[in-house]
Amino acid sequence: MGPQSRAGKGTMEREVVYKSIETEILADAVKIIRLAHPPVNALNLELLEELHAATQDIAKDQSVRAVVLMGTEKAFCAGADISQFKPVNSTTGKEVANRIRPVFDALAALPQPTIAAITGYALGGGLELALACDFRVAEASAMLGLAEIQLGIIPGGGGTQRLPRLIGSSRAKDLIFSGRRIKAEEALAWGLVDRLSERGSAHDDALEWAAQLATGPTLAITAAKRAIDTGLDGRLEDGLSLEGEAFAGTLDTQDAALGVDSFLNQGPGKAQFLGR
Ligand code: COA
C-alpha cells in the first residue's frame, strides 16, 4: 500500500501550492512533504525555496504533530543539482552552501518530530537532507552515500557535521573519503537508518510511525528534541541545565496535567494527549 492509498483513508486535502514539492496534511496530524522533481529530486533553487517555505509554514502550524519527508521510488533525493556548480569556483560554492544551509537548518529545528522515508537513492545533499530529520526509515533496496568526493569536493549541507555525530567519526570518514554508497541494511547496522522496510513499504511505515508520534504530548516531544539536539552540541553540564529547564517547562502543559492524572487514575500508557 503506497502513501496514496493510506492517504485515501485520512487525507483532508492535497495542498497544490508548489511546483517541485507537494505537501499534504493527513487527518492524524501528520504532514507529508513529497519531493516531486523528476527524475531524481535534485535540489535546485526552486525545490530548495519551496522546501524552505513549507518547513517555515509547518514550524508555525500547531495542527501538525509529526512530519514525513519522502521522494519517489527511484530517488529520495540524489543531492544538490550538480549543474548549479558552474562556474566551478569558491564563489559558486559559497552560493550553493548558503542556499542549502538555512533550509536544512530549518528542517532540523522543526518543533515536530520528523522522519525521512528513503526509497531509491539518498546521495550527497539527499542524504544530508535525511540527516536533518530526526529519524530515517529506508527500504531494503535504498542506497545511501555522500558522493561529493567523486566530484572532487566535500559535503556542504551538513554531512561532515551531522553524520559523525550520528554514526561516529571513522564511519563518517569512510563514507565521505570514498563517496561509496551503502545499502540500507548496512546503514541500519551503523545507526544511519533507524528502521528497515520491505520493498514498497517505506512510505507507509514512516507514516505509521509518524502517526504514532503524533498521538504523543507534542510539546514534551519538542522539549526533548531541543534538549537532545542542543545538548549534543555543548558540554554535559550545560545540557543538564537545559534539560532541567525544559523538564520544568513541560509540567506547564495541558498534556502533563492530563498524563499525570491519567496515570494516577488509570495506570500507565492510557493518556490521550492533546498536543497542547
Ligand atoms: N544533479 C543534477 N542532475 C542529476 C543529479 C544531480 N545530483 N543526479 C542525477 N542527475 C540527472 C542525470 O544527469 C540524468 O540526467 P539526464 O537524464 O538529463 O541525462 C538524470 O538525472 C538521471 O540520472 P542517471 O545518472 O541517468 O540515472 P541512473 O539511474 O543511472 O543513476 C544516480 C542515478 C542518482 C545514481 C546518478 O545519477 C548519480 O550518481 N547522481 C549524482 C549523485 C551525486 O553525486 N550527488 C551528490 C551531489 S553533490
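I begin with the ligand, where one of its nitrogen atoms lies 2.9 Å from a polar backbone atom of A78; a polar contact here is a pair of N or O atoms within 3.5 Å. The model is a predicted one, in which local features need pLDDT of at least 70 and side-chain atom pairs count only at pLDDT 80 or more, while totals for chains, interfaces and linings use all residues. Residues are numbered from 1 along each chain as its sequence is written, and side-chain values use heavy atoms, with hydrogens and water left out.

The backbone also contributes at A80, where an N or O atom is 2.9 Å from a nitrogen atom of the ligand. At K74, a side-chain N or O atom sits 2.5 Å from a ligand oxygen atom. On its own the ligand has 850 Å² of accessible area (Shrake-Rupley, 1.4 Å probe), and the protein covers 57% of that area.

Around the ligand there are 16 residues (a heavy atom within 4 Å), and K74, A78, A80, D81 and I82 come nearest. By class, this shell holds 11 nonpolar residues, one polar and four charged.

The whole structure has one cavity of 30 Å³ or more, a cavity being a set of points on a 1 Å grid over the protein atoms alone where a 1.4 Å probe fits but cannot get out.

Methods
A polar contact is a pair of N or O atoms within 3.5 Å; within protein, one must be able to donate a hydrogen and the other to accept it, and residues adjacent in sequence count only if both atoms are side-chain atoms. Ala, Val, Leu, Ile, Met, Phe, Trp, Tyr, Cys and Pro count as nonpolar, Asp, Glu, Lys and Arg as charged, and the others, Gly among them, as polar. On a 1 Å grid over the protein atoms alone, a cavity is a set of points where a 1.4 Å probe fits but cannot get out, and a pocket is an open set with protein on both sides within 12 Å along at least five of seven lines; lining residues have an atom within 4 Å of a point. Grid points are joined across faces, edges and corners, and a volume is the space filled by probe spheres set on the points.
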